[in-house]
Amino acid sequence: MKLTFCPLFSGSSGNSTYIATEKTALLVDAGMSARTIAKALRMVGGDPAALSGILITHEHSDHVRGIAQLCKQFAVPIYANRATFEAMGETARLLPTNLARVFETGHEFYIGEIAVRPFATPHDAAQSVGYALFARGRKACVMTDIGYMPKALLEEAAGADVMLIESNHDVALLREGKYPAALKQRILSRRGHLSNPDAGAAVCALAHTGVRRFYLGHLSRENNREELALNTVCTALENNGFRPGHDVGVTVAHRDGPTELVRV
Ligand SMILES: [Zn+2]
Ligand SMILES: [Zn+2]
């Protein structure tokens, strides 16, 4: 068991995923209050004071809400590209300068023993990224808030031992729902969020590259249901000759607390 992976929170109310080896512990995003995240982390056996870094996907508040407090309270460095730090505004200005670490999208770097590869994602943010993380011969990937799935993104996640992928909305629920037209359009656009069928197609493509453990994340409270996301993705897998629950694991990441932790 070389890499621990656990979504702590997932959805538009806040996102954070815990990824750790024996020596290095990271969060991808910290979009709930510091106190809430610290509590969730302890629930799954982690320690906020032992975090080596928090990796930011993009500046939307459901991804960065807790970072200033976590950074200050536990002296944990925050990693993002320059455009994201700039777009964070006041949140970034609250960070001690020595703990704000700037990376370049597409350039790999190390935090402790984990190699981190940030890659560009299509979303309506300054310069959003997903992450591929490598340690001890294992690979994990976090890919959320993506308008569509270009081939380059499938290649970034190929062969991961475990990954979180967005499965944001059911298209019919969104179209018929009560969101304003402009917001519907934004979500459906190529810089919005990934639908259940798009997630299903991506999961199948990735299962063909060897990915065997998926968490479906960032489900819309208004425009999705856990069973809709799960059924759509599992049906797509079955149509591709896989047996979900047997040869491919698919779990919906919880909105309000830690989901079942996996060690790969
Ligand atoms: Zn989000
Ligand atoms: Zn976003």
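This is a predicted model: local features need pLDDT of at least 70, side-chain atom pairs count only at pLDDT 80 or more; totals for chains, interfaces and linings use all residues.
The protein contains 10 helices and 14 strands. Of its 264 residues, 48% are buried.

The overall dimensions were examined next. Along the principal axes, the C-alpha atoms fill a box of roughly 50 × 45 × 35 Å. The radius of gyration is 17 Å. A compact globule of 264 residues would have a value near 18 Å, so the protein agrees with that expectation.

One helix pair was examined in detail. Two packed helices are described by the angle between their axes and the distance between the axes. Helix α9 spans residues 196–208, and helix α10 spans residues 226–239. Their axes come within 8 Å. The crossing angle is roughly 40°. Angles under 35 degrees count as roughly parallel, and those from 65 to 115 as roughly perpendicular. α9 and α10 are therefore oblique to each other. The crossing of α9 past α10 is right-handed.

Both helices contribute a set of residues to this contact. From α9 come Asn196, Pro197, Ala199, Gly200, Ala201, Val203, Cys204 and Ala207. From α10 come Leu228, Ala229, Thr232, Val233, Ala236 and Leu237. By class, the residues of the contact divide into 11 nonpolar and 3 polar. No charged residue takes part in the contact of α9 with α10.

Key
Residues are numbered from 1 along each chain as its sequence is written. Chains are lettered from A and ligands numbered from 1 in the order in which they are written. Helices (H or I, at least four residues) and strands (E, at least two) are DSSP runs, numbered from the N terminus. The radius of gyration is taken over C-alpha atoms; the globule rule is 2.2 Å times the number of residues to the power 0.38. A residue is buried if 20 or more other C-beta atoms lie within 10 Å of its own, exposed if 12 or fewer, and partly exposed in between; C-beta atoms are placed from the backbone. Axes are lines fitted to C-alpha atoms, for helices over the stretch in contact, and angles run from 0 to 180 degrees between N-to-C directions. Angles under 35 degrees count as roughly parallel, over 145 as roughly antiparallel, 65 to 115 as roughly perpendicular and the rest as oblique. A crossing is left-handed if the near helix is turned anticlockwise from the far one by less than a right angle, and right-handed if clockwise. Two residues are in contact if their C-beta atoms, placed from the backbone, lie within 7 Å. Ala, Val, Leu, Ile, Met, Phe, Trp, Tyr, Cys and Pro count as nonpolar, Asp, Glu, Lys and Arg as charged, and the others, Gly among them, as polar.
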